[in-house]
Amino acid sequence: MDRFVCIHGHFYQPPRENPWLDAIEVQDSASPFHDWNERIAEECYAPNAAARILDAEGRIEGIVNNYARISFNFGPTLLAWLEVQRPEVYQAILAADRESQARFSGHGSALAQAYNHIILPLASDRDRRTQVLWGVRDFQHRFGRMPEGMWLPEAAVDLPTLETLAELGLRFTILSPRQARRVRPVGSRTWAEVGEGIDTTRPYRVRLPSGRSLALFFYDGAIAQGVAFGGLLHDGRQFAERLARGFRPDRGGPQLVHIATDGESYGHHHRHGEMALAYALHWIESRGLARLTNYGEYLERFPPTHEVEIREPSSWSCVHGVERWRGDCGCRLGTGTSQAWRRPLREALDWLRDALAPRYAGLAARYLRDPWAARDGYIDLILDRSPGSLARFLAAHALRPLGEGEVVTVLKLLEMQRHALLMYTSCGWFFDDLTGLETIQILRHAGRALQLAEELSGPGLEPAFLERLAQARSNLPGSLDGRQLYEKMVRPAMAGLTEVGLHYGIRSLFGVSAPETGAGEEGSRPAAGGAGEDRERIYGYAARREAFHTLAAGDCRLALGRVRLTSVTTREAGTVTFGVLHLGAHNLMAGARVGAGPDQYRRMAAEVGEAFRRCDLPGAIRLLDRHLGGARRSLSSLFRDDQRLILGRILEAAREEAGAAYRDILAAHGPLMHYLRSQGLSLPPPLAVAAVQALAADLRRALAEPAPDPERIAGLLAEARYWQVEPDLRDLGAELAASLRRLAGAWAARPRDPERIGRLTRLVELGSQWTGAVDLRPVQDVYYRLTRSALLRAGGQEAAGGVEDRRWRAALRALGERLGMSPAVWGEPRAGNEGN
């Protein structure tokens, strides 16, 4: 067959971590999810790892990993986040690349991406090389092979960018059709201008000034536009047939119809887009419309027969070249706004980059053989922060054995450069206003780079930077400028040992374990200095408790302690002494201080403890202020995630207390309530409220059981119907989903146990009574995996016809029906497929 189809998905999110915490803070605009990474993972990245194919009746007859049958790239910082926060999705992506190698003649479908998505034609030569090199090394670390191709951020390209790709061993990249200038057959001297009319069904060779060359694929712009904005993902069959119409009837030979879009089109931008993609691929293969392939395989089978010259600089999302990331070119999402802020923002960052470079080179030269080669090699430490990795890095780059303080200095210098790269993430310019989340994020990276520079080489940079930044002005009423935005949104985010130690103390008082980091780069790597049993992780720090004492008196509690904190990224360490006084409810005051010795701590503990035991709370507060420097903090001054965690603990206690009171009301007035119901009368509002709240509390406890009892839950729902009340089950949706996952896990451990299948079926049935949608996808995934497993099928064959086998098969069928699975999944004959 000479007809081939390839669909490329560019999956990417910008770095979102607070640079001082290496964790993503809550983003209210992503509600009901914690942040945008979490939301898009749930809407897109996870569904594409297990996309549903439906039959004609809308039942699930297949669950497929879309990534294994398309071409794709994931941004390195997004993959780092997925590795920690959604490891099952991360593993599915890696598995898809392995599967695609088996499917596509040894060519994996995953492509690399320049590290944190900067516009490469606007980067310095040094930064461009580091970005491409880091993208390649990150890919090798994760996928275990050299990438064949690389996705260019925003497909932004010029000849120096292509030279960098070719120099580092990459074979191809993907561009939009309008980025081609002219073409000619290999061997011809005559060029033909093409505009957007380039034949996208063949690959091209671009010859570079160095004498190297690179293959370029120009995707079908019309079909890609239809996917992104034209409704093609409303119907998988329509999508497939539109791809099939992309072949050119005016020429013979092999042809490749291929498109490239944001991967988030498949599920985030377009709900159920992943299902349309899965069905389109299924339709193409099952109907023989074309053969699926990826770029590496196609390039090996059909090398370029034509050469191309590109338009430079150019990109796929700005018709003015790359002006969207440095000027007021008119490219924007909305209307009526000015993007004049883009130029002074870039100029301020360029000034900062150029001011940081000599400081870095001069200081680093005292410790490193080649400071810029060391920066290129720093990706190995970003990927693995373990002591062994640090030792290997220093062995490769240090001039001599370095002392502990010198190592900290080197790591701070490298971190300064890392943030100087992160501050160029393209999203900072893409949207319509200076005050967007993405622009604030790149300014935070700039702020962290500035802070590190001034710690290492003295002050002076920040005022000059802010003077330039003030030239950028927001479109919002009040005309906020860049300096004001920095003071409002960047400076308050800065945190160091004192702030983290304070949060550690507050968490300890409330029994909240230290959080797993949400950090992109370092999230899954060992803590600095190795992790012993007394170590835990709080944000970007390893924490070792040195002392901790608590006292309680009525509703009041006091916590005093010392904790040794070590930055995972810089190895900078310090001991923080803290004191936390909780006066009940939301009333809390705390303080912390770096540098107080053990003797000072013992004096503080004795004096504050004595005042607290005497119930002299004003005296205890004064003593805390005296010992900890008077920088008193309250609940409202905490990092927002910690604030919500602590409030959750406080509210949980209040909820339990209220639930107990409501149950007491039911017990006291139960006979009267039964009499009212026997007479057909409704409960008076106060008693109805008591019934609703007591039942909701009981349902929450029942769902939280390690092995939830569906009959207990059914009884509580029946009791609600008896009292003619309706607990708000929407608030319990997460608890129900977690219960379903636990029962599904129990079934997976013993897949031929009909009792376990029955309990799971019953809870799924009860879930259908829930207010609001209940996510059955995890249970459906387990069902599909188990019913397709060789072990399960072999077991069924061995016991075929027996009573136990018939009982098991009946249970399996009942669960499948409740989950909306096609009979073809649980073993009945396959019907015709016309779904999705």
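H397 is found in helix α13 (residues 387-397). Helices here are DSSP runs of H or I with at least four residues, strands are E runs of at least two, and both are numbered from the N terminus. H397 has a relative accessible area of 17% and is therefore buried. Buried means under 20% relative accessible area, exposed over 50%, and partly exposed in between, with a 1.4 Å probe and protein chains only. Residues up to four places away in sequence aside, H397 touches Y367, L368, R369, A373, A374 and G377. Contact means heavy atoms within 4.5 Å.

The model is predicted: local features need pLDDT of at least 70, side-chain atom pairs count only at pLDDT 80 or more, and totals for chains, interfaces and linings use all residues. Residues are numbered from 1 along each chain as its sequence is written, and side-chain values use heavy atoms, with hydrogens and water left out.

**Buried residues**

| Residue | Relative accessible area |
|---|---|
| H397 | 17% |
| L170 | 4% |
| A155 | 0% |

L170 sits in the loop between α5 and β7 (172-175). Its C-alpha lies 5.4 Å from that of E148, although the two are 22 residues apart in sequence. Beyond four places in sequence, L170 is in contact with V132, V136, P147, E148, G149, M150, L165 and L214.

A155 belongs to the loop between β6 (150-151) and α5 (159-167). Not counting residues up to four places away, A155 touches I174, L175, Q179, S314, S315 and W316. D625 is 470 residues from A155 along the chain, and their C-alpha atoms are separated by 56 Å.

Strand β5 covers residues 110-113. A110 and A112 point one way, L111 and Q113 the other, and all are buried. In a regular strand the side chains alternate between the two faces of the sheet. Strand β4 (residues 71-74) pairs with β5 in the parallel sense over two bridges. Two strands pair if DSSP finds at least two bridges between them. F72 stands opposite A110 in β5. β5 and β6 also pair in the parallel sense, over two bridges. There Q113 stands opposite W151 in β6.

**The six-stranded sheet**

An open sheet of six strands runs in the order β15-β16-β17-β18-β19-β20, with antiparallel pairing. β15 (535-538) and β20 (633-634) stand at the edges with a single partner strand each, so one side of each has no neighbour in the sheet. β20 pairs with β19 (residues 588-594) in the antiparallel sense over two bridges. A590 stands opposite R633 in β20.

Helix α20 (residues 598-613) lies across β16 (541-553), β17 (556-567), β18 (573-582) and β19. The helix runs at about 165° to β17. Axes are lines fitted to C-alpha atoms, for helices over the stretch in contact, and angles run from 0 to 180 degrees between N-to-C directions.

**Helices α25 and α27**

Helix α25 (residues 733-749) packs against helix α27 (residues 777-788) at an angle of about 10°, with their axes 9 Å apart. The two are therefore roughly parallel to each other. Angles under 35 degrees count as roughly parallel, over 145 as roughly antiparallel, 65 to 115 as roughly perpendicular and the rest as oblique. In α25, the contact residues are L740, R741, A744, W747 and A748. They meet P778, V779, V782, Y783, R785 and L786 in α27. This contact divides into nine nonpolar, no polar and two charged residues. Ala, Val, Leu, Ile, Met, Phe, Trp, Tyr, Cys and Pro count as nonpolar, Asp, Glu, Lys and Arg as charged, and the others, Gly among them, as polar.
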